[in-house]
Amino acid sequence: MNLEEIKMRRPLIAGNWKMNGLTADGRALAAAVAERAKAGDPGCDVLVCPPFTLIGAVGAALTGSPVALGAQDCHAAVSGAHTGDVSAEMLKDAGCAFVIVGHSERRADHGEDDATVKAKAEAALRAGLTVIVCVGETEAERDAGKTEAVVARQVKGSLPAGATPANLVVAYEPVWAIGTGRTPTPADAQAVHARIRAELKGLIGGAADAVRLLYGGSVKPSNAKELMGQPDIDGALVGGAALKAEDFWGIVGSYA
Ligand code: PEP
């Protein structure tokens, strides 16, 4: 990868709020992030992904700021008899530009396999959203030396048809690092990101060099800069630290 190719990947810091926040909390957090974003270009794109119930309120609070709005999941179908689900078209209609699919908590809690994740990712593209496809190994898989094989299989199985650097982001989130305070070393994370990019190259060719690859799992202001400094890490998917504007902005500040 040459310098020009690296430069064309504008980093992305994405906050995954998970199942947290009532309306007042969501509004206040979004307003605090928007306020900081209005102060000047942070050197990266910024995205927040609140729970479904807060999409309207958060979207309103972000108005006039460069912070993008996303959701945490979608159904594969456009509409129909799917009680409790939300389609990608509904998310687009509600103001979302992004949707996360295949988060390990969805894979574990809802039994989502690669085929399901791929169908959801294709729904996202159909609706005109940018999709963030999550992959990552469990601790047992890492201990068994299977990290790269697992992640490569997930990328291959979850990749939507029609993926381009403009509509696809891949997030590498080792399951054992999510919410635990543990992270891989920056070098270990970089090695997996490089493997993901190589896998993408086999699937979509040279365009893979322009696809943004995020690291996720216990990112905080104190460890972000070193992780974000790796050549194939183009930003972060942030859980816990995205719930406090100061911490989230501290991570965004890696690109200052
Ligand atoms: C996540 O669940 O996407 C995540 C990265 O969580 P945390 O930052 O809390 O580890």
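Me: At what angle do helix H2 and helix H3 pack, and how far apart are their axes?

Reply: Axes are lines fitted to C-alpha atoms, for helices over the stretch in contact, and angles run from 0 to 180 degrees between N-to-C directions. Helix H2 (residues 23-38) packs against helix H3 (residues 55-62) at about 30°, and their axes are 8 Å apart. The model is predicted, with local features needing pLDDT of at least 70 and side-chain atom pairs pLDDT 80 or more, while totals for chains, interfaces and linings use all residues. Residues are numbered from 1 along each chain as its sequence is written, and side-chain values use heavy atoms, without hydrogens and water.

Me: Which orientation do H2 and H3 have to each other?

Reply: Angles under 35 degrees count as roughly parallel; H2 and H3 are therefore roughly parallel to each other.

Me: Which residues of H2 and H3 meet?

Reply: Contact means heavy atoms within 4.5 Å. From H2, Thr23, Gly26, Arg27, Ala30, Ala31 and Ala34 meet Ala57, Val58, Ala61 and Leu62 of H3.

Me: How many disulfides does a search of the whole structure find?

Reply: A disulfide is a covalent bond between the sulfur atoms of two cysteines. With the criterion of a pair of cysteine sulfur atoms within 2.5 Å, the search finds zero disulfides. For Cys49, the nearest cysteine sulfur is that of Cys96, 7.7 Å away. For Cys134, the nearest is that of Cys49, 9.4 Å away.

Me: Is Cys49 buried or exposed?

Reply: Buried means under 20% relative accessible area (1.4 Å probe, protein chains only) and exposed over 50%. Cys49 counts as buried because its relative accessibility is 0%; Cys134, at 1%, also counts as buried.

How values were computed. Helices (H or I, at least four residues) and strands (E, at least two) are DSSP runs, numbered from the N terminus. Angles under 35 degrees count as roughly parallel, over 145 as roughly antiparallel, 65 to 115 as roughly perpendicular and the rest as oblique.
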